[in-house]
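Welcome, and please open your viewer.

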Amino acid sequence: MGRKPHIPSLHGRIVVITRPAGTAAAMARRVRACGGVPLLLPGLSLRAVDDPRLPAAMRAALKDELLVFTSPAAVRFAAALLPLRSKAMVLAVGQGTVQALRRHGVRAQAPARQDSEGVLDLPAMQNLSGKRVVLVGAPGGRRLLHGQLAARGAQCHEVQVYRRVPPRLDRRHVDAVLALPRSARVLLSSTEALHNLTGWLPASAMVRLRKAMAVVSSERLAQAAQGEGFTRIVLARSALAADLLEAAASR
């Protein structure tokens, strides 16, 4: 018999989930399974790009040499356009995106370091002169991948299948944050979501949120959280739910 998977214990702690609106249900279930109390505080909302040319653009992208999916949301919105069948080499920014692609029958590689820098370090990204590379994702963001791919001589194109917009929060969200105990954990896997919350929540709610422990998915997010005033920060191994919850239960 195989070993049972380790389930971290959250001991009744409140866990603030900042994932985009409509995408946090699975994480909330995992928090409850670990004995925690989920609080949904979306830092983003995701919307499909409304462009009748998009299916044709995605169909052409699937015929290129190298595809890079930048997030699980990129996979979800691309798959809503057409089946993701392709002979291209497929890369993903993180393991969550690999898992999303696997659900659609696509095998992909992801770096150990689950960010743009990690993708750029992969062997497939080293000799790109004249190669056709397509980034599937959303407008905005750091733009690091596009700039570096162009500098390496790739013919780089983007297919923007969704867009990120600020969340719709109301007084119930604010009241829940104002009631947070110091023992709460705030799961952070997006700098944009963090900045949206900082810009939208009233100052009194942000004071309370900053007293909780921030659980971040990367060193870059740790720096962003520190810059936004969090003083207790723990670094998870990745943005995967299991790793974030393991880190949330560790202190």
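**Stop one: cysteines**

Counting pairs of cysteine sulfur atoms within 2.5 Å as disulfides, the total comes to 0 disulfides. This is a predicted model, where local features need pLDDT of at least 70, side-chain atom pairs count only at pLDDT 80 or more, and totals for chains, interfaces and linings use all residues. Residues are numbered from 1 along each chain as its sequence is written, and side-chain values use heavy atoms, with hydrogens and water left out.

Select Cys 34, which is buried at a relative accessible area of 9%. Cys 156 is buried too, at 13%. Here buried means under 20% relative accessible area, exposed over 50%, and partly exposed in between (1.4 Å probe, protein chains only).

**Stop two: strand E6**

Now select residues 132-137, strand E6, where 5 of the 6 residues are buried. Helices (H or I, at least four residues) and strands (E, at least two) are DSSP runs, numbered from the N terminus; two strands pair if DSSP finds at least two bridges between them.

Leu 67 has Val 134 of E6 as its bridge partner. Then show strand E7 (residues 155-160), also parallel to E6, with 6 bridges between them. Cys 156 returns here, in E7, opposite Val 133.

**Stop three: aromatic rings**

How many aromatic pairs does a search of the whole structure find? It finds 1, taking rings of Phe, Tyr and Trp (its six-membered ring) with centres within 6.5 Å; planes under 30 degrees apart count as stacked, over 60 as edge-to-face and the rest as tilted. Select Phe 77 and Tyr 162: they are stacked, 5.3 Å centre to centre with 10° between the planes. Phe 77 lies in helix H3 (residues 72-79) and Tyr 162 in strand E8 (residues 162-165), so the pair ties together parts 85 residues apart in sequence. Both Phe 77 and Tyr 162 are buried.
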